[in-house]
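Please look through the sequence and the structure shown below before reading on. The briefing that follows is grouped by topic.

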Amino acid sequence: MLFSPWATVAIFFVVAVVVALLISAVPGIFTSKRPNRAKSEAYECGVPPTSAMIGRFPVRFYLVAMLFVIFDVEAASFYPWAVRLRDLGAFGLMEMVTFIVVLGVGYAYVWKKGGFSWR
Amino acid sequence: MMIDLVIFLPAIAAIALLCIPRDAQRALRGVALIGALATFVLSLGFITGGFGNEFDQRIPWISGTWTAAYHVHVGGLSVYFVLLTTLVSVAAIWGAFSYSDAGKLRGFLALLLLFETTLLGLFTAADLLLFYVYWDLMLIPVFLLLVGYSGSAEARSAAWSYLLYNGAGGLVLLLGVVGVVLHTGTFEVLGQTYSFGTLENWLFAAFALAFLIKTPSFPFHAWMPPTYTNSPPPLVAMVSGVQSKAGLFGFLVFALPLFPVAAHTWAPVLLVLAVASIVYGAFAALGQRDMKTLVAFSSLSHLGLVVLALFAFDLTSVPGSIVMIVSHGLISAALFLLLGFVEERTGSREIGAFGGLAAHAPRLQALMLVAAMAALGLPGLSGFAGEFLILIGAWQTQPVYTAISLIAIVVASAYVLKMFQAAMHGPESVPGGRTYGDLRAREIWILAPLIAGIFLFGIWPGVLLPGGGSLTGATPAHTVALHGQRPHA
Amino acid sequence: MIQSVAIDWNVIAPVVVLVATGLLVLVVDLLSRSAPRQLLYGIGIVGSLAAFAAMLPLRGQELTTFGGAFASDSFSWPFDVLLLLTLTISLALSCLGKAEDGANPGAYAALLIFCTIGGLILAGATTLIGIFLGLEELSLALYVLAGTGYPRRSSQEAALKYVLLGSLASGFLIFGMALLYGSAGSISLAAMSHAAYAGGPLFIGGFALFLVGVAFKLALAPFHLWTPDVYEGSPLAVTAFMAVAVKAAMFAVLARFAYVVFGHDASALVPLWILAILSMIVGNVGAIRQTNLKRLLAFSGIAQAGYLVLALAGVGRGGVATLVFYLAAYAFMNLGAFAVIALIGNGDELHADLSAYRGLAFRRPMVAALMMLFFLSLAGIPATAGFIGKVLLLGQAMGAGPWGVAMAVALIVGTLVSFYVYFQVIWQMFAPADAEAVASDGNAAVSWVAVAAGAVGVLLLGIVPQLLLAHL
């Protein structure tokens, strides 16, 4: 064995860093720089910016984001479970049902308490 | 069973008090007094067969890596302390009837009774943990009485010095107590001998520090003047008359028998502190204007004599210390109660602020005279008996310290007479031109047993010692003195 | 092939019961438009008692499940009982809170229950992953609970501070766990002891970070700075729960870690001893100047956490008994004190101010007497549970070499300082009131139950400690 099994990890890190550096460095080498005011502004889909880029925005976004993350993770855990459903058998099914019920109660609770209404 | 009844009867009376409405003054007084009197009468049962009877009771309490038992014992030395407590408590609780704030009388009496229970528990404890339980519990009623029932801002701040000094002593004692049990595996250490090795010096130091603070002894007495001065008379009668004996009891029953070698090692230090207390207390008393503070410092001086007696390790001085302990308890309780009666009449206790009470209050003067003469050590009264035995005994082993202590005996006459004269003689004057009367029957009855004791033990100190006063008989106190002998190599 | 892990349902029955209870509370809250708070809390209390019933058959057994990752043994059992007891009393206390549970009593009760589940997992976890799982379950629920006094700014502040510093602590903890895993090559604590024996920078670094994380959660000085604000800002019942339950759960972890990993040699625990000594000093000295009882009890909690470390000194089996005894004592006296605060304030937070207690002894003698009992116990005065606990702690520490003696001395000094703190409250209650205090003292039956439970516990453990000691 030429490399230890961990060497792949090291190689991965090296490649990741090199690629990231290249991507940000190469344009700087090959492009010509003619900055003007319009170019330096924040890009907001072509619409003229209305406020500073860094500012306060409603906490409601967090709520939505958190709920998204929860279901995102749930979905993610479905994939390996689905692949191995036959091996896991009835136990696996019960396990997932329990998981969904727990999440479902929480979902229903948030819904009923108005977590999704944009107040 | 008998012992438990004596210990907890005051507490039961206290709880009964709390069930009586606050404004039923007669009922409150009746229950409190009956409780205290019944305790005293029951405690007399310990000496029906003379001193030297043993009462014992043991119930297992905690077991595990170490054991503790609810083990109470009356006999030998503890009987003197128990009787002193029950007697002084009767006087104090009866004396509390003249407490001014009627709305608070119930709590005042209840706390005094609880205080009595903690004291009795302490003096009967034959288990080190049980001893410690009462040692610390004692702080609570006194702290509460000072904060809630003394009515002055000075008393409320005195509560802090009382609590923190004695609490510190108690915590150091706790270190010592746990140190002992790590070595012995049991808290029932009485009557056993252990060899603690090099640890013994440390353990003895922890015990001694706690005991010296409680007594108190110079230089650990800073809590005493404010506490004694600002306490209501019944409280200070119990603190000075009984609680100050707790540390001495601890020396006699626990520290000296448990750590005989360390006791000898530390004896020079303790003797110096004792002599310092004796001399400093006497001169400090001489300089006081407040009569209560004066008596407080005289207490410091007199209890220093007891420490001197204990660490002189003499076969006469150690039994003498018992006489002194009982006698001081009676005298200081009587003096503080009397000062309370004086203050009720004159509204002051300042030397020079009033005078000539003798003219209209001859009975007050007479009782004050007895107590004062006993305090300065007039032969025929109990103070003399104690001092004499101690000085004779201590002279044998510690002539230098004893000689220095004699100075204090002389100074005692000066400050006691100064106080007595200022209050009783001279031209009659009372602040604000108050009118006042002589002692009422109740007040005389309160003091009668204390005064009787002062006479009895003055004339016949031997009654306190088994075998009719033969000083060569083997008494528990002698055992202490013998235990205290450095083992011969 | 995947092998299904055999599960011993008996072992996790208490956890399952609590999970079901938590969900049930949420569902009931959803279905009934106007379920009274008391009903929801009542369900919680019943569920907690049911979980306790499920624990009874586990007593004295040494069982593991999930391939040894979760244990129910003589070690975790007493901690579990304590956690359930705390949950029950906190729920009872919450019935009183004046809408301090915000608009969502269901969520509040459910979170308390989930928090307890986290505690149960912590007490039974035998792997690093189990510990982290339990800790996060416990912490996340607590972050939200701290903020349930929502309209009050102080409650929002508490929640924010707690979540920021708590996450930081979790970060330390999990980084430490990663290093420990690296050094031992296993997530199981049992495997860790070999790594501990070998030492090495990876293990030492991992343990140090792990300790920092745990010390954060336990509020050991110098990682205690969040405590006073969080305790003050959180609703009363949450504060009470936080003080006791987190300590119980984290000490279960710490003790198991110490015994399993360092059973052979406790010398690596010296940093922990130093943290304990610091906590005893900082907690007691810090409490001196507090005039808000919740802050005062927060500092007291820091000091008490320091005391509890003494139980681990010497790493002997008696240590767990001592730990559990003192935790039980602490639970009773602390919950009792909080219950009195609730009683006096009638759920109104303003009454946690010390001045509200001036002259209480003559206004409400019974309440004052009970409050005094709890504070005497905190101070370690005899005839209370706190005293026996301190004797046990001292006995444990003083037999454990120089560091043990140093901690014992620190305990004594700290206790003396704490006399001033605790007796200050008693002093206020007995000192005559300057002006007639506004007599808006509450008198709700529910908090009387909690107060009485605390008082009985403190007295029983203080006078007949054998009742509990015989079972440890």
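Predicted model: local features only at pLDDT ≥ 70, side-chain atom pairs only at ≥ 80, totals over all residues.

Residues are numbered from 1 along each chain as its sequence is written, and chains are lettered from A and ligands numbered from 1 in the order in which they are written.

**Backbone with positive phi**
- C:Phe66, which is not a glycine, has a positive phi of about 50 degrees, and lies in the loop between strands E1 (63–65) and E2 (70–72) of chain C; helices (H or I, at least four residues) and strands (E, at least two) are DSSP runs, numbered from the N terminus.
- B:Phe313, also not a glycine, has a positive phi of about 50 degrees and is placed in the loop between helices H13 (291–311) and H14 (317–346) of chain B.
- B:Phe313 counts as buried, because it has 25 C-beta neighbours inside 10 Å.

**Cis peptide bonds**
- B:Phe218 and B:Pro219 are joined by a cis peptide bond with omega about 0 degrees, and B:Pro219 is found in the loop between helices H8 (199–214) and H9 (224–230) of chain B.
- The bond from C:Ala221 to C:Pro222 is cis, with omega near 0 degrees.

**An enclosed helix**
- In H4(B), 20 of the 20 residues are buried, so this helix is largely enclosed by the rest of the structure.

Note on methods:
Buried ≥ 20, exposed ≤ 12 C-beta atoms within 10 Å, placed from the backbone.
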